[in-house]
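Biologist: Please take a close look at a single part of this model, and give the cut-offs behind each term as you use it.

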Protein chains: 2
Amino acid sequence: MPLEWSDLRIFLAIAREGTLGAAARALGLSQPTMGRRLRALEQAVGQTLFQRTGDGFVLTDEGSAVLHHAERIEDEALAFQRQLAGRDQQLDGMLRLSSSDWFGIHILTPVLAAFAKMQPGVLIELLTDARLYSLPRREADLVFRIQPFDEPEVISRRLMHIPYGVYVASGLEHPRGGDGTGTPLITMDTTFGGMPDALWLKRILPKAHVVSRSNNRDVQGRMCREGVGVAVLPRPLGDTLPGVERIDLGEEPPGRDTWVGYHRDLKRLARLRALLDLVIERLAN
Amino acid sequence: MPLEWSDLRIFLAIAREGTLGAAARALGLSQPTMGRRLRALEQAVGQTLFQRTGDGFVLTDEGSAVLHHAERIEDEALAFQRQLAGRDQQLDGMLRLSSSDWFGIHILTPVLAAFAKMQPGVLIELLTDARLYSLPRREADLVFRIQPFDEPEVISRRLMHIPYGVYVASGLEHPRGGDGTGTPLITMDTTFGGMPDALWLKRILPKAHVVSRSNNRDVQGRMCREGVGVAVLPRPLGDTLPGVERIDLGEEPPGRDTWVGYHRDLKRLARLRALLDLVIERLAN
DNA sequence: CGATATCCATTCAAAACTGAATAGGCCTCT
DNA sequence: AGAGGCCTATTCAGTTTTGAATGGATATCG
């Protein structure tokens with residue numbers, strides 16, 4: 001009869017996912033359990049929180065009225081865990097990193113390999129994913145990205161400057177210094193249209209035409225190597241990619257700064273500190 | 001392995017009570033369960049939250065660091081329940097009131113009796129207790145007291161003015177109009193020393209001496225009726241108490257205002273509204 | 001100094017909860 | 001119209017969790 005705080009987590013999951021099955025998957029429980037716990041919660045508060053529709057659960061007025069209480073509870077529970085994790089002085093444990101794909105592959109991998117030898121007790125998980133992982137939710141402990149962090153709870157620093165270069169497949173004819181007419185381009189995904197290197201290309205080679213797009217720099221590099229066209233790549237990637245050569249269009253493409261950030265609560269997490277020290281030693285300067 | 005939100009409630013209870021047994025009583029669980037759930041919580045967060053001492057559990061640094069997170073979770077959980085209770089349009093259910101003892105007995109009882117006849121589905125619980133019940137915790141739904149409420153989440157109004165009078169046992173000699181030398185007094189508990197009627201007595205009869213104290217106005221009235229001394233009583237009590245008579249010391253003792261308050265979240269609780277309407281109709285002005 | 005009262009940990013049978021499987025409803029697609 | 005998906009509700013066996021009882025350790029009191 002009394003309210004079980006754990007049931008609020010189930011309430012949240014159902015509210016977010018919309019169906020018992022999806023909520024069950026999200027929480028690692030089973031669909032019947034979700035139904036039962038929700039019923040128990042509704043009974044405890046004496047109110048119907050969801051309207052049962054043909055295909056799922058949708059919040060009633062009462063349910064939406066209290067949704068943000070449950071969200072705040074979740075925030076506090078996450079903070080509770082984070083703050084304790086930040087006091088873990090043990091070096092063993094797990095660290096979850098997030099970065100863009102090429103950065104993870106070409107820049108981070110050697111550093112992580114060295115760290116794994118130094119600290120075999122620490123399991124490192126590197127997620128290279130387009131979506132942003134949340135530091136407050138602890139979806140990641142350490143995030144590398146190309147924009148500064150503006151959240152006040154995140155401690156961040158500029159890690160390194162990444163120069164970019166223009167590449168073509170080795171031996172292929174370099175584009176003439178003109179307006180780019182007839183030059184095939186390999187660029188980022190449309191969703192990344194506003195990125196500095198895309199704008200730069202547009203300015204230097206206004207008449208060039210795009211023949212291939214990808215959100216993955218490695219894919220762009222491979223396409224370039226296959227002779228598909230001209231690509232702007234991070235030099236750490238392009239310079240080590242066999243079969244392509246960097247060309248000079250009379251002006252360097254803009255570089256980018258890379259930032260690394262982690263949650264304040266994890267400031268004292270020994271293994272995070274150890275990894276960060278190594279990352280800075282190897283990459284910053 | 002994942003954190004159970006319900007275990008945070010157990011964490012809070014142990015932190016407050018200091019022992020597993022007391023915490024178990026507070027939550028209506030058993031002592032072994034408290035121990036097990038706490039162990040599970042500590043395991044889930046990978047940190048020792050309590051130091052096991054000879055006689056009880058005391059928070060470690062880690063535990064105190066996260067205590068206020070648990071408290072905020074509790075606040076939100078209470079708000080969650082309150083807000084839903086406030087939407088309960090059902091007239092049936094329970095209402096918990098709190099007032100001073102004499103007020104409950106002499107003023108509230110007739111109103112509550114009338115309400116019980118009008119709304120037999122509503123169970124009314126009247127707590128007359130020196131300690132203050134918390135509206136945010138919903139220890140009480142409706143509180144009557146002699147001071148205004150200053151909490152912003154409480155909706156309150158002045159209910160009625162209570163005049164006070166000076167009483168002696170019927171037939172007993174009235175104190176002379178002098179400084180009170182030789183007059184025996186019955187007053188409030190020492191902890192209520194600063195109350196207006198106590199200060200007023202001190203000014204009118206500075207030489208009078210206290211022979212009996214109680215925190216209970218009814219007890220004071222009975223003592224007075226037994227001829228023990230002079231008492232200042234609320235007139236609704238004194239005027240209806242057989243065996244005592246009101247006397248005139250040339251100046252009226254100060255009266256007091258009574259206030260009634262309830263939590264905003266319960267604004268739409270139909271049965272609370274119904275009771276309050278009756279209370280105001282019968283008592284206000 | 002022994003009696004009593006706490007406290008926590010452990011044991012063990014009973015109760016509660018869980019998840020796989022299943023049934024039934026609704027919708028879409030062919 | 002029938003097949004296939006996706007949804008919830010129900011059933012039922014297996015696991016987990018619970019609380020009463022018990023034991024041991026420590027402090028308090030007469």
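Modeller: By class, the surface near DNA strand D comprises 5 nonpolar, 6 polar and 3 charged residues; nonpolar denotes Ala, Val, Leu, Ile, Met, Phe, Trp, Tyr, Cys and Pro, charged denotes Asp, Glu, Lys and Arg, and polar the others, Gly among them. This is a predicted model, in which local features need pLDDT of at least 70 and side-chain atom pairs count only at pLDDT 80 or more, while totals for chains, interfaces and linings use all residues. Residues are numbered from 1 along each chain as its sequence is written, chains are lettered from A and ligands numbered from 1 in the order written, and side-chain values use heavy atoms, without hydrogens or water.

Of the 14 residues around DNA strand D (a heavy atom within 4 Å), those that come nearest are A:Leu20, A:Gln31, B:Thr33, B:Arg36 and B:Arg37. In chain A, α2 (20–27), α3 (31–45) and β2 (56–59) each supply at least two residues of this surface, as does α3 (31–45) of chain B; helices (H or I, at least four residues) and strands (E, at least two) are DSSP runs numbered from the N terminus. The largest share, 4 residues, comes from α3(B).
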